[in-house]
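Hi everyone, thanks for having me. Let me put the structure up on the screen, and then we'll walk through it together.

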Amino acid sequence: MNFKADLTRRTGLALLLAGALAGSGLLAGRAAAEPAPYPVKVVTLVTHSSPGGGSDVFLRELSKYLGKYIDATFVVENVQGGSGAKAVARVAGAPADGSVFYATTPTYIYTSLLSKPPKTYKDLEPLANIFADSEVVFTRADGPYKTLQDVVDKAKKERGKWGAANPASLERQAAEQLKRAAGVNAAIVTHEGGGDMMLNVLNGTLDIGVGEFQELRSQIEAGKIRVLATFNPERLPEKPDVPTVKEAGYDVQLVKFRGLAGPKGLPDAVTKTWDAAIQKVLQDPDYRKEYTEEVLVAKFIDHKDYPAFVNSFATTTEAFLKETGAIK
Amino acid sequence: MTTFWDIVHLLTGTPLIPVAIMGLTWGILGGALPGISASITMALVLPFTYTMDPAMAIALLACVYIGAEYGGSIPAILIRTPGTNSSAATVIDGYELNRQGRAGEALGISLMSGVVGSLFGLAMLVLLTEPLSWLALAFTPPSYFGLGILGLSVIASMTGGSLVKGLAAAVIGLMIATVGTDPISGVTRFTFDVPDLLNGVEPVLVMVGLFALTELMSQSGSVSLTQLKESVRIRLPGLAMMNRLKRSQIIGCILGLFEGLTPGGGGSIAAFMSYNEARRWSKTPEKFGKGSEEGVAAPEAANNTVASTALIPLLSFGIPSSNSTAVLLGGLLMHGLLPGPRLFEQNPQVIDSLYVGSFVAIIAQIGVGMLLLPAAVWLVNRPRPYRAGFIFALILSGIYTLNTSTFDLGIALALGVVGYLMRRTGFPFLPMILGVVLGHMVESSYRRSLVLSGGDMMVFLQDPICVGLLLAATGFVVFSLTRELRDGRRARAEQARNHKTHGQEAHG
């Protein structure tokens, strides 16, 4: 059942991405620049998501443009099962010559911490970060809340009812952190996927929900829900009038990262090539147009800084999971 | 507004008819393969719709769904293996009819009941999508709890003679449903640090293990070779039969409508509930489980109705109530179509072709269904060792494609052994399956309600939908139990009388 909810959620996001990409992506022409030389001919990009799932679409679209900047053929491999544990094990055991990488998302940190599989995020070497998904606080359009402050005020007077899509998720972590930052009493109600939570926001069971912008787009366009704030460090380009949570007065920020990681001991030549290529691919006008439409925020973190970023994310997550009693 | 000429144009000026028939054919074949559920069948075809016209792509996916709901009943009847989750209820009487040499008849009833259900579902989809979309919203966590309990109450009448064994089986099912990540706190339960268990045991594995693998094991152990007659051919029910099935089909349609509208319900619950209701309202309830035509008609009408009515919450709110509608949502989004009220205003051609394409597929189902069936019947008539080997390979490959996991194969095989032992000791399967399917929903909605209310149990009595559903469940359990007690008393009285007459004869 968990799997189903997850699938629903992932497919939603994934296909949203695929939609725009299928239209224009195939037509993208080759740039004039020569691709950088690379030690291996074929690079396998591994994801734990099913074909059509979030990371799968991310990799497939990325690989279309990467060929312009790195002289290699890119293949996407789906290693499903165990919420990412199997895919991590597959990459951890691969040769560290730049031929195999894994698409990182917060999921692999959560799985590493929650289920303690034989190979965890610690067995991989973070390569570089590419994107951040947009996480927002939303409420129903005909509801009483116009700003994040209204929601917090209500939770101060009586008990707030806040929703998060999944129990072990970044969204729940965000809701718990906001609750603490605001010093209010709110029930954090977890669900089995974003659709499930959307219903409870629309019918007024919940005051607010925390979710990915991509999943909410149709309801936003239909005028059914109102976005109150974003957990992103900066405002959303698509919704410039929506403040960040930090601007609203609560020091909570989220980066739902999407990047790559490889086996430990990647050669310097490989990591340098990727650092340069990712910066270029993010500037690629065709690719840029597509990912901007999907409200993906380019967030490049190079190979030098990415391990520290991932480790600090993991430390925060571990503390959160211990606090909620999910792990000891 | 859609005019008559718009429809004529769709039928003649676009490739809608071939698209609908292609989708239907693929759906029937995919649905008929055990382990390949309706959602997988749809997901497999999804990549091919990338380059299609959006209106055609959505119609194609909807037709695959329609085909798969019917296709699932073919193996349910022929080899006691539901092709899709929602055809599990069809196994009970469908396979029984097959054993009596009436497979062709069972298939015909399934086909025609499916057509009736689909037509009804489509009519409801067209009429109710906009006005009824509030129902999806009216369901709060306590309402879902009520829905789950109502589903579980069906167990009371599925115990197959022994209430204790039935309840024991249900408890095992509920226990299996607790494996995996806790739905509210995210704590892992009974996973023993095995990552494959993080997502729990999927109901499809339990169904395949208990139904299909157990059947294969039992078959290989039995001596007599019950070959089907080579001449088995699909036999559509006549008017008299359709008339007799009317009541059970109506029950199936109505329950299918409600289950389709309520997210989380889905075809399997509708099928089991309508099977049960059909038995209750039947003139010949004693035939159920022993090869009742109504026992095939009700669930087949129900799951085919769901294939259309499940689109109502999807199209009106973009809320997928099942895996299949989630795939369809994916198809919509892939083409840049956002479901919701605005879809009707902005892309009426997509809605039109979805409706008209579904209609074409439903009508074509009678012909295509009959054309494809001989192939399926031929398969059943192959020598049993070949067939068993083939089915075994098919089932295992189907399970493997779910998550490309060999661990899942192990779970299914283990449940096959459990099922074999259950069958030898007279434990019924259905309560266990309902436990696995509903356990998660009951638990998560119960706990979510209590998180919302801050631990106050009154939350369940403040929700009118929940109260109504719980009352229905109570009434249902009481009804089933009194009937069971009465039947039991009657049986004992009968026995005593027989004993007495027997005794007198002996004296005389």
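I'll start with a sheet, then go on to the helices.

A quick word on the model: it is predicted, so local features need pLDDT of at least 70 and side-chain atom pairs count only at pLDDT 80 or more, while totals for chains, interfaces and linings use all residues. Residues are numbered from 1 along each chain as its sequence is written, and chains are lettered from A and ligands numbered from 1 in the order in which they are written.

In chain A, please find the open sheet of 5 strands, with the order 7-6-8-5-9 and mixed pairing. Strands (E, at least two residues) and helices (H or I, at least four) are DSSP runs, numbered from the N terminus, and two strands pair if DSSP finds at least two bridges between them. Strand 7 (186–190) and strand 9 (225–230) of chain A each have a single partner strand, so one side of each is left without a neighbour in the sheet.

Strand 8 of chain A pairs with strand 5 (residues 135–140) of chain A in the antiparallel sense, over 4 bridges. With strand 6 (residues 160–164) of chain A, strand 8 pairs in the parallel sense over 3 bridges. Look at A:Gly209 in strand 8: A:Phe138 stands opposite it, and A:Gly209 is also the bridge partner of A:Gly163.

On to the helices. Helix 7 (residues 194–202) of chain A lies across strands 5, 6, 8 and 9 of chain A, running at about 150° to strand 8. Axes are lines fitted to C-alpha atoms, for helices over the stretch in contact, and angles run from 0 to 180 degrees between N-to-C directions. Contact means C-beta atoms, placed from the backbone, within 7 Å.

Definitions and conventions: Contact = placed C-beta atoms within 7 Å.
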